[in-house]
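Biologist: Can you walk me through this one? I'd like to go from single residues out to the whole fold.

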Amino acid sequence: MTTIRLPRKATVLIAGLVLAALAGCGSADKGPAEAMGTKGPAKPAKAVPAAPPGLAGMPPVLDPDDVYAADRPNKLSPVVKDFPSRVYVPNTNSNTVSVIDPATYQVIDTIPVGVQPQHVVPSWDMKTLWVNNNRGHTLTPINPATGEAGKPVEVHDPYNLYFTPNGKYAVVMASMDKELVFRDPHTMDRVKTVPVSCYGVNHADFSADGRYFIVSCEFSGELLKVDTEKMEVIGQQKLPFEGAMPQDVKISPDGKTFYVADMMAHGMWVLSGEKFDTPKLLPTGKGCHGLYVSRDSKEMYVSNRGEGTISVFNFPQNKLTKKWELPDGGSPDMGGVSADGQVLWLSGRYNSEVYAIDTVTGKQLARIPVGGGPHGLAVYPQPGRYSLGHTGIFR
């Protein structure tokens with residue numbers, strides 16, 4: 001057998017070609033080479049929209065497109081599922097809370113509380129209802145399992161009450177004191193006092209990620225933007241309407257827009273919370289006051305206290321689509337939606353009564369006499385994982 005000897009350069013060239021050919025097996029045309037022992041290339045993970053990073057300690061956002069995703073009909077937390085269904089009505093002029101059985105539309109109990117109760121507020125953990133006795137400078141706890149009131153806690157000027165989304169603090173809207181007071185959510189001990197330069201801080205709502213909240217200042221016609229973690233005011237603006245009197249605040253399901261009811265501008269201010277730019281006014285009716293989102297997150301009920309009507313705002317259509325009138329008029333103020341989403345409950349501030357309204361037809365189902373000056377009533381229990389306060393803002 002004759003041996004053929006190749007020049008050294010040719011040997012090197014052939015070796016290089018062989019290696020290149022081997023490297024080409026499983027090349028870019030077929031994807032990366034498979035690892036030994038595998039059955040094939042891994043399938044790419046399905047893209048899932050990421051929820052925005054939230055405030056430290058805040059429960060994860062369920063749906064980045066809907067902050068109210070946990071509030072579906074009768075989706076009650078294990079914490080509240082055994083509580084009897086009731087409507088708690090603070091009577092500002094009578095210093096009592098009327099308790100209504102929604103099944104019968106009857107007042108079944110009257111609880112004496114402190115001076116000038118303004119709102120009934122579910123705690124962050126949803127285990128307690130706090131009655132804000134504004135001029136009595138106390139909070140009265142009510143056990144929603146039994147309906148019994150506990151020992152009042154001393155808190156100065158508690159016009160309204162909110163809770164940070166992580167449950168770390170309660171936030172007292174000290175309207176006359178011109179303060180936002182961050183407190184321990186259980187003991188109500190003062191942690192930090194934030195003086196404000198506006199007058200009449202009263203209502204608020206939090207951003208989708210919980211990192212800031214927007215506050216309305218009723219008596220000076222202003223809005224504040226507050227950093228939740230730093231507990232500092234980071235923005236302030238005067239509403240572009242002479243004599244503006246902002247009230248309830250509510251965020252849109254997608255978290256992009258804030259709505260602020262204004263009882264003197266007779267409509268809702270619409271603004272971006274992130275930009276905190278000059279808002280635009282959407283007229284709804286005389287004395288626009290309370291804002292309540294439906295259980296399917298598609299609509300928002302707007303109480304027009306000065307004319308006895310309720311406007312319905314459609315989120316997907318971005319416009320008002322209906323207007324319901326209360327028979328014989330009335331003064332629809334603050335309230336909430338039933339756990340099943342079928343009834344809107346509102347206090348009649350100047351008529352010593354409460355209205356139950358069908359959320360499909362707008363028909364008045366009941367008109368219930370209560371004490372004097374009924375204000376921020378709470379429908380309880382309600383769906384959700386935790387409470388941000390007021391008469392029931394659940395996420």
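Biologist: Is Lys178 buried, exposed or partly exposed?

Modeller: Partly exposed. Keep in mind that this is a predicted model. The relative accessibility of Lys178 is 24%, and the cut-offs are under 20% for buried and over 50% for exposed, so Lys178 falls in between.

Biologist: Where is Lys178 in the chain?

Modeller: Lys178 sits in the loop between E10 and E11.

Biologist: And what is the phi of Lys178?

Modeller: The phi of Lys178 is near 55 degrees, which is positive although the residue is not glycine. Most residues other than glycine have a negative phi.

Biologist: What is the phi of His390, then?

Modeller: His390 also has a positive phi, near 55 degrees, and is not a glycine. His390 lies in the segment after E29. At 1% relative accessible area, His390 is buried.

Biologist: Which residues does the cis peptide bond join?

Modeller: Tyr380 and Pro381, with omega at about 0 degrees. Pro381 is in the segment after strand E29, which covers 378-380. Most peptide bonds are trans.

Biologist: Back to that E10 to E11 loop. Is Ser175 buried or exposed?

Modeller: Buried, because its relative accessibility is 7%. Ser175 belongs to the loop between E10 and E11.

Biologist: What is Ser175 in contact with?

Modeller: Asp157, Tyr159, Gly200, Val201 and Phe219, leaving aside neighbours within four places in sequence.

Biologist: How about Met176, buried or exposed?

Modeller: Exposed. Met176 has 56% relative accessibility. Met176 is in the loop between strand E10 (170-174) and strand E11 (179-183).

Biologist: Which residues form a nonpolar patch with Met176?

Modeller: Tyr199 and Phe219. The three make a nonpolar patch on the surface, with about 360 Å² of accessible area together. Phe219 is also one of the contacts of Ser175.

Biologist: Let's go inside. Which residues touch the most other members in the largest nonpolar core?

Modeller: Phe258, Tyr259, Met268, Leu291 and Met300, out of 26 residues in that core. Two or more residues each come from strands E14 (212-217), E17 (246-251), E18 (257-262), E19 (267-272), E21 (288-293) and E22 (299-304).

Biologist: Which strand gives the most?

Modeller: E18, with four residues. In soluble globular proteins, nonpolar side chains tend to be buried together.

Biologist: Now the rings. How many aromatic pairs are there?

Modeller: The count comes to 12. Take Tyr169 and Phe182: their ring centres are 6.0 Å apart and their planes are at 90 degrees, so this pair is edge-to-face.

Biologist: Why does that pair tie together separate parts?

Modeller: Tyr169 is in the loop between strand E9 (160-163) and E10, while Phe182 is in strand E11, so the pair ties together parts 13 residues apart in sequence. Tyr169 and Phe182 are both buried.

Biologist: Why is the Tyr259 and Phe315 pair edge-to-face?

Modeller: The planes of Tyr259 and Phe315 are at 65 degrees, with ring centres 5.9 Å apart. Planes over 60 degrees apart count as edge-to-face. This pair links distant parts of the chain, 56 residues apart: Tyr259 is in strand E18, and Phe315 is in the loop between strand E23 (309-314) and strand E24 (319-325).

Biologist: Are those two buried or exposed?

Modeller: Tyr259 is buried at 4% relative accessibility. Phe315 is buried at 14%.

Biologist: Which rings are linked into a cluster?

Modeller: Ring pairs link Tyr169, Phe182, Phe206 and Phe213. Phe206 also touches Phe258.

Biologist: Last topic, the whole protein. How many helices and strands?

Modeller: One helix and 29 strands. The protein has 395 residues, and 54% of them count as buried.

Biologist: What about the contacts and the surface?

Modeller: Among contacts between residues at least 6 apart in sequence, 46% join residues at least 24 apart. The accessible surface is about 17,900 Å², and 55% of that belongs to carbon and sulfur atoms.

Notes. Residues are numbered from 1 along each chain as its sequence is written. This is a predicted model: local features need pLDDT of at least 70, side-chain atom pairs count only at pLDDT 80 or more; totals for chains, interfaces and linings use all residues. Side-chain values use heavy atoms; hydrogens and water are left out. Patches are made of residues with over 30% relative accessible area and no salt bridge: like charges are joined within 9 Å, nonpolar side chains (Val, Leu, Ile, Met, Phe, Trp, Tyr) within 5 Å. Accessible areas come from the Shrake-Rupley method with a 1.4 Å probe; for residues, only the protein chains shown count as cover. A salt bridge is a side-chain nitrogen of Lys or Arg within 4 Å of a carboxyl oxygen of Asp or Glu. Buried means under 20% relative accessible area, exposed over 50%, partly exposed in between (1.4 Å probe, protein chains only). A nonpolar core is a set of buried Ala, Val, Leu, Ile, Met, Phe, Trp, Tyr and Cys residues joined through side-chain atoms within 4.5 Å. Contact means heavy atoms within 4.5 Å. Rings of Phe, Tyr and Trp (its six-membered ring) pair if their centres lie within 6.5 Å; planes under 30 degrees apart count as stacked, over 60 as edge-to-face and the rest as tilted.
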